[in-house]
Every structure is written in C-alpha cells, then in structure tokens.
Amino acid sequence: MTFRAGERVRVAARTHEGHHRTPGYVKGKSGRVERVHGRFRNPETRAYGADGLPERVLYQVCFAQQELWPEARRGAGDTTLVDIFEHWLEAE
Amino acid sequence: MHDRGVWPTDMPIDRSEHELADWELLTDALVSALSSEGFMNVDELRRGIESMPPDEYERASYYERWLFSAETILVEKGVLAPGELDARLT
Amino acid sequence: MSEHDHDHSHDPITADGEPPAAARARALEELLVEKAVVQREDVRRNIDRLVSRSPADGARLVARAWVDTEFKERLLADARAAAQELDLDSGPSPVVVAVENTETVHHMVVCTLCSCYPRALLGPPPDGYKSLTYRSRAVSDPHGVLAEFGLELDEDVELRVLDSTADVRYIVLPRKPEGTEELSEQELAALVTRDSMIGVAQPVAPATA
C-alpha cells in the first residue's frame, strides 16, 4: 500500500483518453486519504475485455469543498470523498 | 459527457419518478444475464455508455444508454453482427 | 446542455405509447436467446428479482443499528458482514460501506460518472438520483440539492458528499429521530426512507398520536 489514512495526496492532472473512473473535477486537486479500501481490479483495462490484473489499491480521498469549488458560497467546512486508484495519486 | 461533475448546471432536479417499464426491466435483466454468462462486465457496460455521441447521451434515458452499450459491446465482440439488431426490427 | 432532464426517452413515442427502445430490447432478447447467449429463464428470473427489490433491507440494517450500538459498530466497520448477520444480501459489489450521520456530519451519496447505487439493499435508484442534474449538482452545489429536497442543515454541520466512482457502494445511516424510544425495531424500520439512506432526506418523524 502506497498511502495510509491521513496522508495528503494530489490527484494527477493528466488526461486519459479511454475509460477511467477519476472524475475531472478532482484532477490536479489535493486531498487527504480517508480510507484504504483495499485492492481491486483495474476498470481501465477491464473495460476493454482484459482481466484488470494486477489489482490496484483503491483509496477514499477526502477533498475540502473549497479546494474543489472555490466559488461556492455555502459550506466552508464541507467535504467531498471520492474513490480513487493508487495510480492516479501522488504524495503531496 | 458522462463525467457530470465537470458540467455545472443550475437546473432543478426532476424528482418525479416513474415505475420501470417492462422493456427497462428487460434491459436490466439482459445485461445481468450477459454479465453472468461472461459476455459483458460492468466496466464494459460503462465504457459502452461513454462511447455514445454526446447529444445522444444527453437525450437518452438511463436504460436507453444501457441498451446502446449492450449492442455496442456485443457487436464489438462478434456476438451480434453489425446491423443485425436493426434488421430484426424491420 | 439539455433543457430538461427526465429519465424518460426523448425519442418519438410509437402508436402503442412505447419508445423505440422497447422493441429494440425485445428484439435483442430474441436474438440472444436464439443464439443461446442467454437463457430465457435466467432473464425472467432476473426480472423477478428486480421487481421484488425495495429499500426494506437497508431500512432493517438502519433500525438494528439504532437499537443495538454494538451492531452499529460492526455495520460501520463492515456493512457486508453486518448485513449477512441479518441474512441480507448486499449484492455483487465487493465492498459496501455504511456511513453514519451525526450531530456534526451529514452524508450524501452520488455517482457523478454513471449512477452506481447499492441496489441490493435499497432497490432501484430513484430517477432523480440518476439524473444528469443530480449527478452534477450533488458535488458542485450539495446544499442547493438538499434545499430542493426540503432539507436544510445547521450551519455547524459538515456536509460530506460521497462520489461512488469505483466498486464501493455507500449507504447512509441516518440519525435516529427524536421521540422514538418506545418504538419497536420494526416500527423504527418503517421510519427509514430510501431518500434518508441516500442522504437527501431525514427519516420520517414518528406519527404523533
């Protein structure tokens, strides 16, 4: 496991032409690992008929709402949690 | 088009509900059966949906997207011939 | 961006009131059965399973957690295992996570990328949940979404939105309503709505005498 709960991470800002489950609104954003969900098959390759192996670690990453939506008028303390695979995360 | 978090909107949410029509239940059931039989996994279903032309994606209902995806993946895998489903309708 | 966003077809309705997709789905079934890709009995069984689902199983989990603190802790640690204790099937998803609303945190669930939903425990997702507008606004304007559902949180409550982007499914454990000390577990389960387990509503208050 590359990251532990509590560690700060940044989501890669890269584009990915094919199927992937990292939403655009978190790309390039910083957050904190909330949970380590465990290992799962990679949907990016499963989506094209491959077996998705080797499994990758999936993290629940917590983002401050203000980090994602700086213009938001309400909810200064709010958060959004997104499940992101290890290969999309970098140490902060 | 599927990545809705990057498509901001102010539109109100339509909270009306409709009971699933028979064809929608059928579509769901077919996709489950295809998955159980190993012809299409959930990631392929999603990828198929994401391959819809953007304007079609926005116009289509939820199960219309599933149907589009199932046909796309099955043709890709040679389970259906291109146009075979269309031919069956005429 | 579409002007309206229903979960209904926008294609022309045919004479018998169905969208073109209906005939397409039936034709697809015929083709797949003919080719022995699927068995008709399996399709029928899947349909039966679909129509029998409801939020009742999720409500049972919540009610049990409300009356039994140790069960609640087990539910929060491993919802799949906790569901199994009650003989409930949490579905094909490998991981189901229950998240607890408290005095200081309120959770709301969305799947911005498609409409992932804990179907085995909650039944089919409501059309609103699947809508393009919910999928967008749940992350960019969650308080506005809650306002549309008639829910306003106190200033000091953290609104925590969960975007189910992978194979983990989330179910919200809402707060037990006030004035329910005398209610049985079954009566409590009746207060737990589907929307309260998504996080866009609170459970219903107990009926006043």
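This is a predicted model: local features need pLDDT of at least 70, side-chain atom pairs count only at pLDDT 80 or more; totals for chains, interfaces and linings use all residues.
# A guided tour of chains A, B and C

Among the contacts of chain B that link residues at least 6 apart in sequence, 53% join residues at least 24 apart.

**Stop 1: chain B as a whole.** Select chain B and colour by secondary structure. Chain B contains 5 helices and 0 strands, and its elements follow the order α-α-α-α-α from the N terminus on. Along the principal axes, the C-alpha trace of chain B spans about 40 × 30 × 30 Å. Of the 90 residues in chain B, 44% are buried.

**Stop 2: B:Val31.** Select B:Val31, which is located in helix α1 of chain B. Is B:Val31 buried or exposed? B:Val31 counts as buried because it has 22 C-beta neighbours inside 10 Å, where the cut-off for a buried residue is 20 or more. Display the contacts next: with residues up to four places away in sequence left out, B:Val31 touches B:Met40, B:Leu45, B:Trp66 and B:Ala70. For a distance across the chain, pick B:Pro54 as well; B:Val31 and B:Pro54 are 23 residues apart in sequence, and their C-alpha atoms are 22 Å apart in space.

**Stop 3: helix α1 of chain C.** Now select residues 20-34 of chain C, which form helix α1. This helix has 15 residues and reaches 21 Å from its first C-alpha to its last, close to the 21 Å expected at 1.5 Å a residue. Highlight C:Ala21, C:Ala22, C:Arg24, C:Ala25, C:Leu28, C:Leu31 and C:Leu32, which are buried residues of α1(C). An α-helix has 3.6 residues a turn, so residues three or four places apart point the same way. Which elements of chain B do the buried residues of α1(C) pack against? They pack against α1 (22-36), α4 (62-76) and α5 (84-89) of chain B. Moving past the end of the helix, select C:Ala36, which follows α1(C) and has a positive phi, near 60°.

**Stop 4: the two domains of chain C.** Colour residues 20-52 and residues 56-198 of chain C separately; the domain assignment gives these as domain 1 and domain 2. How far apart do the C-alpha centres of domain 1 and domain 2 of chain C lie? The separation between these centres is 31 Å.

**Stop 5: C:Leu76.** Select C:Leu76, whose place is in helix α4 (residues 69-77) of chain C. C:Leu76 is partly exposed, because 15 other C-beta atoms lie within 10 Å. Apart from neighbours within four places in sequence, C:Leu76 is in contact with C:Ala98 and C:Glu100.

**Stop 6: strands β1 and β4 of chain C.** Select residues 95-100 of chain C, strand β1, together with β4(C); the two strands run parallel and are joined by 6 bridges. In this pairing, C:Val99 stands opposite C:Val172 in β4(C). Which residues of β4(C) lie on each side? C:Val168, C:Tyr170 and C:Val172 are on one side, C:Arg169, C:Ile171 and C:Leu173 are on the other, and both faces are covered.

**Stop 7: where chain C meets chain A.** Show chains A and C together. Here 18 residues of chain C are in contact with 17 residues of chain A. On the side of chain C that touches chain A, the elements giving two or more residues are α8 (132-140), α9 (142-148) and β3 (158-163). The largest share, 6 residues, comes from β3(C). By residue class, this side of chain C divides into 9 nonpolar, 5 polar and 4 charged. Now select strand β4 of chain A, residues 79-85: 4 bridges join this strand to β3(C), and the two run parallel. Across this pairing, A:Val82 stands opposite C:Asp163 in β3(C).

**Stop 8: chain A as a whole.** The C-alpha atoms of chain A fill a box of roughly 45 × 25 × 20 Å along the principal axes. Buried residues account for 39% of the 92 residues in chain A. Among the contacts of chain A between residues at least 6 apart in sequence, 57% join residues at least 24 apart.

Definitions and conventions. Residues are numbered from 1 along each chain as its sequence is written. Chains are lettered from A and ligands numbered from 1 in the order in which they are written. Domain bounds come from an automatic or database domain assignment. A residue is buried if 20 or more other C-beta atoms lie within 10 Å of its own, exposed if 12 or fewer, and partly exposed in between; C-beta atoms are placed from the backbone. Two strands pair if DSSP finds at least two bridges between them. Two residues are in contact if their C-beta atoms, placed from the backbone, lie within 7 Å. The expected span of a helix is 1.5 Å times one less than its number of residues. Ala, Val, Leu, Ile, Met, Phe, Trp, Tyr, Cys and Pro count as nonpolar, Asp, Glu, Lys and Arg as charged, and the others, Gly among them, as polar.
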